[in-house]
Amino acid sequence: MFDDATIVAIATANGIGSISIVRISGVNALEIAKKISKKNTFQPRLATLSYIYDENNETIDEAIVLYFKAPFSFTGEDVVEFQCHGGVAIANIIVDEVLKYGARLANPGEFSKRAFFNNKIDLTKAEAISKIIEARSADAVKLLARQLKGELTNFVNEIREDLLFMLAYTEVSIDYAEEDLPSDIFDQIENKIQKIILKLSNTLEASRRREGMIEGFKVAIIGKPNVGKSSLLNKLLNYDRAIISDIAGTTRDTIEESVRIGTHIIKIVDTAGIRTASDIIEKIGIEKSIQTINEADIVIALFDNSKICDDEDKKILELINENLNKEIIKVLNKSDLENKFDKSNLMDFIELSTKEDINPLIKKVENFLDSNTHSDEMTLISKRQVTSVEDTLYNINLAKEPLVSGELEFFAHFITEALGNISSITRPYENDEMLDVMFGEFCLGK
Ligand SMILES: Nc1nc2c(c(=O)[nH]1)N(C=O)[C@@H](CNc1ccc(C(=O)N[C@@H](CCC(=O)O)C(=O)O)cc1)CN2
Ligand SMILES: Nc1nc2c(ncn2[C@@H]2O[C@H](COP(=O)(O)OP(=O)(O)OP(=O)(O)O)[C@@H](O)[C@H]2O)c(=O)[nH]1
Ligand SMILES: [Mg+2]
C-alpha cells in the first residue's frame, strides 16, 4: 500500500501569498520539528510560535507550528504543520531542511491516501476534498461540502444494511423451515428492492443533470450556416471572439469558451453550421454537431427569421427532436429583419436579434441552470461513483427474478454482487491499482 516514510510537502499554492503551510506526516514528524525549531516539546493541538533554523543554526523564518499527535490528525499519523511566511522561497527552504532529516517528498495525494488507509476518511470524502480544489462556483462548493460531511457515505450504508438484511434472510431460509420466518418477509424484501431501485435511479438521474456543476455546464449553439451562431457567441462573451462574416461556412471548427451566467460558469460552444450532407466533409460536420449536441447540457438551436424554413432547418429540427431529453432553446435570430420563417414548425421559441438585448435568452439559460443546481437531491461527483451505482442497479435488477421464482441461491449471488458494487463507493477492498490512479490525480500536498 505505502511505505512508512515520513513525508513532507507544501500544502499551499505555489505563488505569492501572506502565509504558506509546510506539512509533515509520519513517525519522525515530531522529531524533525523539534530539530528545525530547537524546541524540546510541542503540545498537541496548540499553536506554538517558533523560529525555524537551518542546519547551520541560521534563522530561516518565524512560523506558527501545529502538532497533531497520532492518531488524532488528518492522516492519522503524527502531523506537524509549519505556517510560515508566504512567497516562493521560505516554504521551499523549510522543505529542504526537513528532507535533510530523513523525510521524503510526498507524492500527489499521499496525505489523503494515508488518511484513507488509516480509516480517517473514506473514498467519497477523499474525492470531495480533491474536487473542492477544482470547484469553480458556490453551487459546486456546497454540493461537495455535502459529500464531505458524509451524505453519500450514509446513502451507501443505508443500502448496504438493506442488502445485508436480504442476505441474512436468504441464509436463514436455507437453514430453517419456512414457518420460522415472519410471514411477510418476502413482501418486505420485494418492497426494499423496489425502494433501492428507485433511490439508485433517482440519484443517477439527478447526477446526470448536474454533471456540469463541477467542471461547468456545456451550452452548444447549433444551426445552419450563416444564421448568426458566432455573432451570438460573441454577444454572450461580450467580446469579438469568433470571426463573423456573411459568407456561409465562416466557422469551420467548434469554438469553446467559458462565461459566467448568474452564479454559473458555463462552457459555451460555437459550432460549424450544419448543412444537409451532400459530401463526405459535410457528413463529418454533421457528425460533429451531433456529438456536440450529445455532450451539451443545453442546446441553443438558431434559425434565421429573415428566411423561409428550408430543408436544412428541417434537418436541424429533426436532430433536435431526437434529443428530447435535452434542454433545447429554439431561437429565431435576425428578427430585426422582415420575418419570413414559418413558425408552425416550432413549438416554443424566442425571437431575437443580435442587434438587440439578448437578456431573454440569458435568463432562460440561467433559469435552467438554477433549476438543475438548486435542489436537495444528492449528487454523485465522479465517473467512478456513477459506475458503481450503475453496477449496483444492474445486479439488483437481476436479483428480482430469482426472488420471485424462489431460486434463493441466485438471488443471494446477485445481492452479494450488488453489495460489492455499492461498498466500493466508500471503501473498495481489493482494487489497489484503482486507488493509485485516483489518489495520483490529487494536487501535490493534498
Ligand atoms: N492547517 C490546516 N488546515 C486545513 C487542513 C489541514 O490539514 N491543515 N485540512 C486538510 O484537509 C482541511 C481541514 N481538515 C482536517 C480534517 C481533520 C483534521 C484532524 O486533525 N483530525 C483529527 C482530529 C479531529 C478533532 O479533533 O476534531 C482526527 O480526525 O482525529 C485536520 C484537518 C482544511 N484546512
Ligand atoms: N440583421 C441581422 N444580421 C445578423 C444577426 N446575427 C448575425 N447577423 C449577420 O449574419 C451574418 C452571419 O453571422 P455569423 O455569426 O457569422 O453566422 P454563423 O451562424 O456563425 O455562420 P457560420 O459560421 O458560417 O455557420 C453576418 O453578416 C452577421 O453580421 C442578426 O440578429 N440580425
Ligand atoms: Mg460561425
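Welcome to a protein that is divided into three parts: domain 1 (7-120), domain 2 (138-209 + 381-441) and domain 3 (218-371). Please keep in mind that this is a predicted model.

**Domains**
- Domain 2 is written as two segments, 138-209 and 381-441, whereas domain 3 is given as 218-371.
- Between the C-alpha centres of domain 2 and domain 3 there is a separation of 41 Å.

**Helix pair α7 and α13**
- Helix α7 spans residues 185-209 and helix α13 spans residues 383-405; their axes are 10 Å apart and the packing angle is about 155 degrees.
- Because angles over 145 degrees count as roughly antiparallel, α7 is roughly antiparallel to α13.
- The two helices, α7 and α13, cross in a left-handed sense.
- On the α7 side, the contact is made by I189, E190, I193, I196, I197, L200, S201, T203, L204 and S207.
- Their partners in α13 are V386, V389, E390, T392, L393, I396, N397, A399, K400 and L403.
- Sorted by class, the residues of this α7–α13 contact are twelve nonpolar, five polar and three charged.

**Around ligand 2**
- Ligand 2 is surrounded by 24 residues, and the closest of them are G228, S230, S231, T251 and G273.
- Helix α9 (residues 229-237) provides the largest share of this shell, with three residues.
- The shell around ligand 2 contains 13 polar residues, along with six nonpolar and five charged ones.

Conventions
Residues are numbered from 1 along each chain as its sequence is written. Chains are lettered from A and ligands numbered from 1 in the order in which they are written. This is a predicted model: local features need pLDDT of at least 70, side-chain atom pairs count only at pLDDT 80 or more; totals for chains, interfaces and linings use all residues. A residue is near a molecule or strand if its C-beta atom, placed from the backbone, lies within 6 Å of it. Helices (H or I, at least four residues) and strands (E, at least two) are DSSP runs, numbered from the N terminus. Ala, Val, Leu, Ile, Met, Phe, Trp, Tyr, Cys and Pro count as nonpolar, Asp, Glu, Lys and Arg as charged, and the others, Gly among them, as polar. Domain bounds come from an automatic or database domain assignment. Axes are lines fitted to C-alpha atoms, for helices over the stretch in contact, and angles run from 0 to 180 degrees between N-to-C directions. Angles under 35 degrees count as roughly parallel, over 145 as roughly antiparallel, 65 to 115 as roughly perpendicular and the rest as oblique. A crossing is left-handed if the near helix is turned anticlockwise from the far one by less than a right angle, and right-handed if clockwise. Two residues are in contact if their C-beta atoms, placed from the backbone, lie within 7 Å.
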